[in-house]
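Student: I have this one open on my screen and would like to talk it through with you. Could you start with how the helices pack?

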Amino acid sequence: MTSKRRVTADEHLLDTRHSEEWKQKASWRVMKIQAEFVEGFDTLEAADLGDAIGVYGSARTPVDSEEYKRGVELGHKLGEAGFSVVTGGGPGAMEAANRGAAEAGVKSVGLGIELPFEQGINPYVDIQLDFHYFFVRKVMFLKYSCGFCALPGGYGTMDELFESLTLVQTEKVGKFPIALIGIDYWGGLVDWLRRSMVADGKINPEDVDLLLVTDDLDEAVAHMGNR
Ligand SMILES: C/C(=C\CNc1ncnc2c1ncn2[C@@H]1O[C@H](COP(=O)(O)O)[C@@H](O)[C@H]1O)CO
């Protein structure tokens, strides 16, 4: 089955080739963005998540993979430790973490995003929000989580991870523990941070220490308490 591609709100906003009519009305788009913030804050305040952990990870992790199984385990362990779990609400690693959280009986949040091809929220989410704008959604991740775990992922995961890291490094947010799950997967990136970024003076050596890289899910969950 082929799904029909649609133009998303993000894409429309960022397009530089607008008609004169759109240009005159562009500032009104702020109302739409504002409404998205209001709905996000209202829903997540009412949800009373307590301590919540944002879990990032690939939308493409197959359900029958070991990686997915680890994602479920991570969500479950976070739940057992008393954390709510917040993900992008999509398939793959997001679904796995939501599934584990739901199985552990804790709040399982999905911050869905409008994409050019219909995706739908995964069935293990019990508090759902749907965003048009990636940047609004990122604020919700940061505001309603007190730590982050990143499972193996692609550009989307990197974007979320580095946004979180930048906010911690620049002290825009307090101490946010960040764990990268999977030494084989993440080790190369962390080596590169040291060999290139630190060596070239682009970041400080201690900036790399903002990341815990581990295969041990219990260690990652325990690290979420280091605030
Ligand atoms: C591309 C596919 C599904 C996309 N669906 C998504 N739904 C919700 N959130 C998503 C989706 N894709 C990316 N994200 C966000 O980025 C991270 C994953 O991106 P990656 O590039 O796969 O690492 C994730 O944490 C989400 O917040 C079907 O293949």
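Tutor: In this predicted model, α6 and α7 are oblique to each other, a word used for angles that are not under 35 degrees (roughly parallel), over 145 (roughly antiparallel) or 65 to 115 (roughly perpendicular). The axes of α6 (residues 134-143) and α7 cross at roughly 60° and come within 11 Å, where axes are lines fitted to C-alpha atoms, for helices over the stretch in contact, and angles run from 0 to 180 degrees between N-to-C directions. Helices here are DSSP runs of H or I with at least four residues, strands are runs of E with at least two, and both are numbered from the N terminus.

Student: Switching to the ligand, which residues are closest to the ligand?

Tutor: The closest are Gly88, Gly90, Gly153, Gly154 and Gly156, out of 20 residues that surround the ligand; a residue is near a molecule if its C-beta atom, placed from the backbone, lies within 6 Å of it. The elements giving two or more residues to this shell are β3 (108-113) and α7 (155-169), and α7 gives the most, with four residues.

Student: How many of the shell residues are polar, and how many charged?

Tutor: The shell has 11 polar, two charged and seven nonpolar residues, where Asp, Glu, Lys and Arg count as charged, Ala, Val, Leu, Ile, Met, Phe, Trp, Tyr, Cys and Pro as nonpolar, and the others, Gly among them, as polar.

Student: Now the backbone: which phi does aspartate 48 have?

Tutor: Aspartate 48 has a positive phi of about 50°, although it is not a glycine. Most residues other than glycine have a negative phi. Aspartate 48 sits in the loop between α3 (29-47) and β1 (52-56), and it is exposed, with 8 other C-beta atoms within 10 Å; exposed means 12 or fewer such atoms, buried means 20 or more, and partly exposed lies in between, with C-beta atoms placed from the backbone.

Student: What about glutamate 171, buried or exposed?

Tutor: Glutamate 171 is exposed, with 8 other C-beta atoms within 10 Å. Its phi is positive too, about 60°, and its place is in the loop between α7 and β6 (178-181).

Student: Where is threonine 61?

Tutor: Threonine 61 is in the loop between β1 and α4, and it counts as buried because it has 22 C-beta neighbours inside 10 Å. The C-alpha atoms of threonine 61 and alanine 93 are separated by 5.7 Å, although the two are 32 residues apart along the chain.

Technical notes
Residues are numbered from 1 along each chain as its sequence is written. This is a predicted model: local features need pLDDT of at least 70, side-chain atom pairs count only at pLDDT 80 or more; totals for chains, interfaces and linings use all residues.
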